[in-house]
Amino acid sequence: MTRPATSRQGAKRLWSRVEEAFDAPFGGADNPLRHLGAFGLYMLWIVVGSGLYLYAVLDTGIDAVYRSIGELSPWSVGGLLRSLHRYAADAFMLAMLLHLLREWCLGRYHGFRRYSWLTGIPLIWLAFLAGIGGYWLVWDQLAQLSAIASTELLDWLPLFSEPAARNFLSPASLSDRLFTALVLIHIGVPLLLILGLWAHVHRIAHVDYLPSRRVMLATLAALLLLALWQPARSNPPANLATIPGAIGFDWFILFIHPLTDFTSPALVWSLLFGATALLLALPLLPRPTAPPVAVVDPANCSGCDRCLADCPYAAIDMTPHPVRLGLRLAVVDADLCAACGICAGACPSSTPFRRQETLRTGIDMPQQPVDALRRQLEDELARLRRCADSVRVVVFACARGADADTLAAADTAVIPLLCAGLLPPAFIEYALRGGADGVLLGACRAGGCEFRLGERWLAERIAGQRQPGLRRGVPVARLQLTHAAAGDADAPTLALADFRSRLNHRAAALDKPPPYSRKAAHHA
Amino acid sequence: MLKPAAIVGQALLYGAFAAFIGYFASAPKYRQIAEDVALIKLSISHLGERDCRKRTPDELAKLPPNMRAPMDCPRERSDIKLEVDIDGQPALRTVLHPTGLYKDGISTVYKRFEVKAGKHRLAVRMNDKLTRPNFNFVKEAEIDLAPARVLVIDFNPDQGGLFFK
């Protein structure tokens, strides 16, 4: 393994530990670290909403901009919205950078994720452009510092025939029109940012545009309390004849100015362009061979749309079936397919009760076909049946979650899955009717699925909230869904012990579904 | 239903998040230059002169009547030589080149000089036609700069050339 790859693996372990630690108070669904994209979008909507009000009260003019914003009483609605505008913008920057860090730590920039990664990088530039420009609009001493420092930094590039910093040379250099232009830029750049965000996520299905309601309310409450406790205020008005003294400084957005002062424009531009080039080049770095993508079998695809509905990456499209008139056929876009197998789990043809010797389903994973899954399950059930005196448990576990291989024993069969979402629920019934006393399902923690939706879809399918579901009559008490991350080493053992204990206390065979053997059955 | 420990944990973490945002949104304070320092900004944008030549009567006669301009001026502008002395010490010696592919654009300079607040002797010399041996614009003055004061050295031919403001 190369040194950068080793560093990233270390960063991944560290990030995962922090994220998992946040699960303790928040739970997966409400853990902001697991939903940084949605959290950032929520902050952006607060910025946009509060910005609309500020736009309405802002007077464009050298003195008017300062007066119109500065006159907002800190504890009035307008003042609170101004504070929210500032703090939400800072939180957006923080969420955006953490989102970038998280995706890098988790190695999410290759293959089917390359598009989202590449379209995300320009958004960082747009966000800082919008943020820095926003500070100029107040035209206080901080705005003066930022405007002069920004234009001096820009002037290092051979962009303008005259130095842009000349616009801020003396009070006489300024005109009211400048602020009209700045307002338009401060509206235009965020609009571009929103457009870019649409492009950033448009290849993803079931996008979380907002975090959970609990996270939204708690974050809004935290920012409102902050706005009341420490309202955003203007510094003294700008005066181009003097240099601002020590002033309150927004380090989230304006850190580039001190960085330039302490180094040089050449170094700062080298850092900015270098970092951008490095981020853009990351998807081009060598990586392990991409796994095979999902394959559609037209003879078994009924065009039911379930794979289309469940695919987390919009990799499936439907076209008219070439042979079966009136039906449609799933088509897989190999560039978008994550090879998770969630589509195979969604396919109604993936039921193991079908009599075919070789189980062929509508959409399947070459590296873990449902036929192989059925054979493996049948072999394991045959082995478990020899263990008549014990409680026999089949464990279906996501290979990316906690390591369940250690659970394998004479009375426990462990079947790893590409993703928990690959498991067709009919396999649970098949295991119970084939001799298992219970089925333990091991999925990743909520919000922690490598493929975003695997654990969620599995939970919804077995709860009957999503098709294909468990058939009526399957005793759910003989089923346990457990969530554990790769670092939760003891979780599978504890979950199995707990499950066994529950099964041991059940009246033997009272609620067991009728036995079933495919070889002896006379129907499909 | 959230457990009390989870509620306390969430409250602490949301509080820490708000405190983190609130602190770094305005602190620590930043001072760009030291308290007892003033700033001299040199910012000049000027078109160098063109190196014109008077046409001889023979040359004029050879031209069509409608093109007999007495002066032959090339498109290119001259480089501009600029010198700045602060308290008798050379602070800048530079030659500004015209912009544009045909060197017919404006020549610009933008520099900052941080100086201690107080009295200084400032001298600026500029020659905008290098075939001429001497500086054709010179400005010298004793200046008294208060702390944090910004003094601009600019050039405007309509205001007599170099000026301080």
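Analyst: Helices are DSSP runs of H or I with at least four residues, strands are runs of E with at least two, and both are numbered from the N terminus. Counted that way, chain B has two helices and 10 strands, in the order α-β-β-α-β-β-β-β-β-β-β-β from its N terminus. Chain A has 17 helices and eight strands. This is a predicted model, where local features need pLDDT of at least 70 and side-chain atom pairs count only at pLDDT 80 or more, while totals for chains, interfaces and linings use all residues. Residues are numbered from 1 along each chain as its sequence is written, with chains lettered from A and ligands numbered from 1 in the order in which they are written.

User: What makes α6(A) "mostly covered"?

Analyst: A residue is buried if 20 or more other C-beta atoms lie within 10 Å of its own, exposed if 12 or fewer, and partly exposed in between, with C-beta atoms placed from the backbone. In α6(A), 12 of the 15 residues are buried, among them A:Leu142, A:Leu145, A:Ile148 and A:Glu152. The buried residues pack against α5 (114-136), α9 (251-254), α10 (256-262) and α11 (265-281) of chain A.

User: Which class does A:Trp139 fall into, buried or exposed?

Analyst: A:Trp139 has 26 other C-beta atoms within 10 Å, so it counts as buried. It sits in the loop between α5 and α6 of chain A, and its phi is near 50°, a positive value in a residue other than glycine.

User: What makes the largest nonpolar core a core?

Analyst: A nonpolar core is a set of buried Ala, Val, Leu, Ile, Met, Phe, Trp, Tyr and Cys residues joined through C-beta atoms within 7 Å. The largest has 69 residues, and A:Cys343 and A:Val395 are among those with the most contacts inside it. Another core lies apart from it, with 63 residues including A:Tyr42 and A:Tyr135.

User: How many residues of each chain meet at the A-B contact?

Analyst: Two residues are in contact if their C-beta atoms, placed from the backbone, lie within 7 Å. By that rule, 38 residues of chain A are in contact with 33 residues of chain B. On the chain A side, α8 (213-229) is one of the elements giving two or more residues, and α8(A) gives the most, with six.

User: How do you know how chain B compares with a compact globule?

Analyst: The radius of gyration is taken over C-alpha atoms, and the globule rule is 2.2 Å times the number of residues to the power 0.38. For 165 residues the rule puts a compact globule near 15 Å, but chain B has 28 Å. Its C-alpha atoms fill a box of roughly 105 × 45 × 25 Å along the principal axes, and buried residues make up 22% of the chain.
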